[in-house]
Amino acid sequence: MSETSKLIDDYLAGPTILRKAVAGMTREHLRAKPVPGKWSTLEVVCHLVDMDIVYADRLKRVAAEDKPEIWNADEERYASALRYDQRDIDEELALLDLTRKHVARILAALPIEAFRRTATHHGPKGTETRTLEKYLTLIIGHIPHHTKFIQEKRKALGLAEAK
Amino acid sequence: MSVHSKLIDDYLAGPRLLRQAVSGMSQEQLLARPVPGKWTTMEVVCHLADSEQSWAHRMKRIIAEERPLLIGYDESHFAKTLFYHEHDVAEELALIEQTRAQMAKILRKVPSSAWDRTGIHTERGLITLKEMLDVEVAHIPHHVRFIEEKRRALGLRASKQQVGNGHLLGFLPLCRPVGTVRCAQQHRKTSITATIGHFR
């Protein structure tokens with residue numbers, strides 16, 4: 001298996017990791033904030049889904065455009081303004097699945113050298129040149145990063161650890 | 001209830017129009033280019049899926065950020081470089097539906113004041129949330145008309161909506177094909193005509 005097909009498989013595996021992390025949680029569990037000062041599980045899921053749509057756009061731009069400029073979104077008000085507490089977990093997970101399938105088809109069709117295409121990324125830590133491969137690697141890490149915190153919430157709620 | 005409930009209903013109805021427009025088309029017909037110089041039906045569907053993602057996120061940004069900068073993209077270049085013919089039409093349709101379902105849920109909950117919030121689009125300039133939704137509502141019917149044109153050129157029957165839901169297509173903007181696959185200009189006309197002529 002080539003390096004890029006491994007990356008694409010990992011990218012496609014993300015939604016399953018998230019589904020497992022929230023398995024068996026009721027709506028009450030999902031909306032609870034058992035760890036003071038931290039998001040509810042539903043807020044984590046909505047954050048992941050909303051960001052994945054942004055990431056889909058970034059991957060497409062890097063694949064299609066000539067060294068695009070990419071800026072981070074200002075997410076501070078997203079959870080409240082975009083009603084994360086009112087969203088439906090099944091709809092969110094379905095959207096995540098479909099978003100990744102849609103992008104994975106593009107990634108799978110790209111020639112290997114396209115993964116070295118670059119963008120100028122403007123983030124909170126400054127400006128850097130990022131390759132498509134780097135973006136994809138960071139995106140793959142986003143869901144597992146947050147499922148660690150979902151495990152923490154499960155524990156605080158007295159739920160069994162997700163498989 | 002949202003002050004724009006009807007508009008949000010129309011936004012949610014869009015994917016069904018698209019589904020009806022492509023119903024009964026084989027993979028070969030979806031990938032055919034029966035009208036020279038224009039997109040294939042699959043390219044239209046994939047363009048709409050890309051656009052849905054992009055516009056949904058832009059609407060979220062206008063709701064949650066302070067006058068965000070919304071960066072446009074060259075849609076005909078996307079169509080040429082993002083392997084639209086490698087996509088699966090059922091997946092694309094489901095993505096459009098699910099994207100709108102999520103966004104509609106958010107739009108129904110925004111306070112009335114949010115509809116006047118603005119973003120700065122690199123091609124369109126200052127745009128309100130309400131105007132963005134107007135553009136989105138008109139977008140699928142705009143392209144469905146061109147799918148109908150392809151159906152005719154392929155010798156296929158008009159889709160059901162052409163017969164049964166003519167009223168939904170009745171408000172379509174007066175933008176004419178320009179004999180090229182590039183439709184950015186058509187989109188701009190769509191938004192202007194739709195916003196000024198039909199929604200205000």
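User: How many residues of chain A are in contact with the 30 residues of chain B?

Analyst: This is a predicted model, in which local features need pLDDT of at least 70 and side-chain atom pairs count only at pLDDT 80 or more, while totals for chains, interfaces and linings use all residues. Residues are numbered from 1 along each chain as its sequence is written, and chains are lettered from A and ligands numbered from 1 in the order in which they are written. Two residues are in contact if their C-beta atoms, placed from the backbone, lie within 7 Å. The 30 residues of chain B are in contact with residues of chain A that number 28.

User: Which element gives the most to the side of chain A that touches chain B?

Analyst: Helices (H or I, at least four residues) and strands (E, at least two) are DSSP runs, numbered from the N terminus. On this side of chain A, at least two residues each come from α3, α4 and α5. With 10 residues, the element that gives the most is α5(A).

User: How many residues on that side of chain A are charged?

Analyst: Ala, Val, Leu, Ile, Met, Phe, Trp, Tyr, Cys and Pro count as nonpolar, Asp, Glu, Lys and Arg as charged, and the others, Gly among them, as polar. The side of chain A that touches chain B has 14 nonpolar and 3 polar residues, and its charged residues number 11.

User: How far does helix α5 of chain A reach from its first C-alpha to its last?

Analyst: Helix α5(A) covers residues 89–109, which is 21 residues. The expected span is 1.5 Å times one less than the number of residues.

User: How are α1(B) and α5(B) oriented to each other?

Analyst: Axes are lines fitted to C-alpha atoms, for helices over the stretch in contact, and angles run from 0 to 180 degrees between N-to-C directions. The two helices pack at about 170°, with their axes 9 Å apart. Angles under 35 degrees count as roughly parallel, over 145 as roughly antiparallel, 65 to 115 as roughly perpendicular and the rest as oblique. The orientation of α1(B) and α5(B) is therefore roughly antiparallel.

User: By what angle are neighbouring strands of the sheet in chain A turned against each other?

Analyst: The open sheet has the order β1-β2-β3 with mixed pairing, where strands pair if DSSP finds at least two bridges between them. β1(A) and β3(A) each have a single partner strand, so one side of each is left without a neighbour in the sheet. Direction ignored, the average angle between neighbouring strands is 30°.

User: How many C-beta neighbours does Glu75(A) have inside 10 Å?

Analyst: Glu75(A) is in the loop between β1(A) and α4(A). Its C-alpha is 9.1 Å from that of His47(A), although the two are 28 residues apart in sequence. Glu75(A) counts as partly exposed because its C-beta neighbours inside 10 Å number 16.

Notes: A residue is buried if 20 or more other C-beta atoms lie within 10 Å of its own, exposed if 12 or fewer, and partly exposed in between; C-beta atoms are placed from the backbone.
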